[in-house]
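Student: I would like to go through this structure with you. Could we begin with the overall make-up and then turn to the packing?

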Amino acid sequence: MRISNRRSLDSGDQLLRRMAVRRRREKVGLTLLATLAVVGGGHTILDVFASDPPAIVAEPAAVTVGQAQLVGAFAQQFVVEYLNTVAGQKDHLDAYVPAGQGIDLPAAAVQVRDPIVVFTSRAVTTNDLDVWAVTVAVRAGRAGTTGDIRLYFRVGVSAAQGQLRALALPSVVNPPQRGFDLELVYRSSCATGTPLGDVAVGFITAFLTGTGDVNRYAAVNSGITGLQPPPFAAIESTGVTTDDTTCGDSTATARVLITVKPKLGAAGFQPLSYPLTLDRTAGQWQVSTIDAIPALSMPLAVVDAQGFGAQPPSATTVPSLTSTVRVPPATQN
């Protein structure tokens, strides 16, 4: 009996010791998890128990950005170099165009000024390369003489992973043709003394000249601030038109087009137009945005179609946004 009691006591002591060891291990584990949570958050804890290693994310493939600008700059440089190259300098063009195209260069170079890319269009695209048509305008001839003209040169350019090449020599083409006018929403004129007229004139005066406080006219959180430093000394004249036939007496939102003639010091300056959106809050009109473009009638309406050629659309046609408006093809640019 004594032996049996002694073995029972020994077994109880061992059990207590095992439980104590287990508790110490659990405390260590909890401490480790708490540390991981503080350092790396919950995802770090989950990663400890994850059976699979973290996936390796491959870097994204390089993306070609701005290819249109790249081929435009190349075409512009090619046209300028081409017009400046004379007989005996054919090797100057080797970097741009293939040899053996019957190049017969003049004895004197053409004076070139003010080159600018006016049109860029991608004509062919494949997995390996793109082909672009680029039109470059330059002033050719001596400034102020009858020979001073603007010419438009079209160049075909291939582009493959940043490597550029002209397909052939430049060709002179017609300038971009006149487009068509779209109907705007501003049909009512607002004089000084009307709610919209006063706010629009006061705002644009403060915005351009610093006379007055822009914050008085701009809506809260609009982000509109006056030009700094103010570029103009004063406003000579203004004209305000709007889509609100009451000029601010009945609506809560209005779109306004204000045209101003500022003064640059003692001299005059060309008129400027600002499309604005105004909202009325608590009976007070304020400018909420200076719009990026004038507000267009919807659906779009063509009011001047002189650039459409032989069969222009009717000036009274009001096509829907999904209908087809005949626009001259850009084959000359």
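**Overall make-up and packing**

Tutor: The protein chain of this predicted model contains five helices and 13 strands.

Student: What share of the 333 residues is buried?

Tutor: Buried residues account for 28% of the protein chain. The accessible surface is about 21,200 Å², and carbon and sulfur atoms hold 56% of that surface.

Student: Which residues have the most contacts inside the largest nonpolar core?

Tutor: They are Phe-203, Ile-204, Leu-208, Ile-258 and Leu-278, in a core of 26 residues. At least two core residues come from each of α4 (195-209), α5 (214-217), β8 (234-242), β9 (253-264), β11 (272-281) and β12 (284-290).

Student: And which of these gives the most to the core?

Tutor: Helix α4 does, with eight residues. Once neighbours within four places in sequence are set aside, Ile-204 is in contact with Ile-258, Val-260 and Tyr-274.

Student: Changing topic: how many aromatic pairs does a search of the whole structure find?

Tutor: The search finds six.

Student: Where do Phe-78 and Tyr-82 sit, and how are they separated?

Tutor: They lie in helix α3 (residues 67-83), and because they are four residues apart, about one helical turn separates them.

Student: Are those two buried or exposed?

Tutor: Both Phe-78 and Tyr-82 are buried. Together with Phe-74 and Tyr-96, they form one aromatic cluster.

How values were computed: Residues are numbered from 1 along each chain as its sequence is written. This is a predicted model: local features need pLDDT of at least 70, side-chain atom pairs count only at pLDDT 80 or more; totals for chains, interfaces and linings use all residues. Side-chain values use heavy atoms; hydrogens and water are left out. Buried means under 20% relative accessible area, exposed over 50%, partly exposed in between (1.4 Å probe, protein chains only). Accessible areas come from the Shrake-Rupley method with a 1.4 Å probe; for residues, only the protein chains shown count as cover. A nonpolar core is a set of buried Ala, Val, Leu, Ile, Met, Phe, Trp, Tyr and Cys residues joined through side-chain atoms within 4.5 Å. Contact means heavy atoms within 4.5 Å. Rings of Phe, Tyr and Trp (its six-membered ring) pair if their centres lie within 6.5 Å; planes under 30 degrees apart count as stacked, over 60 as edge-to-face and the rest as tilted.
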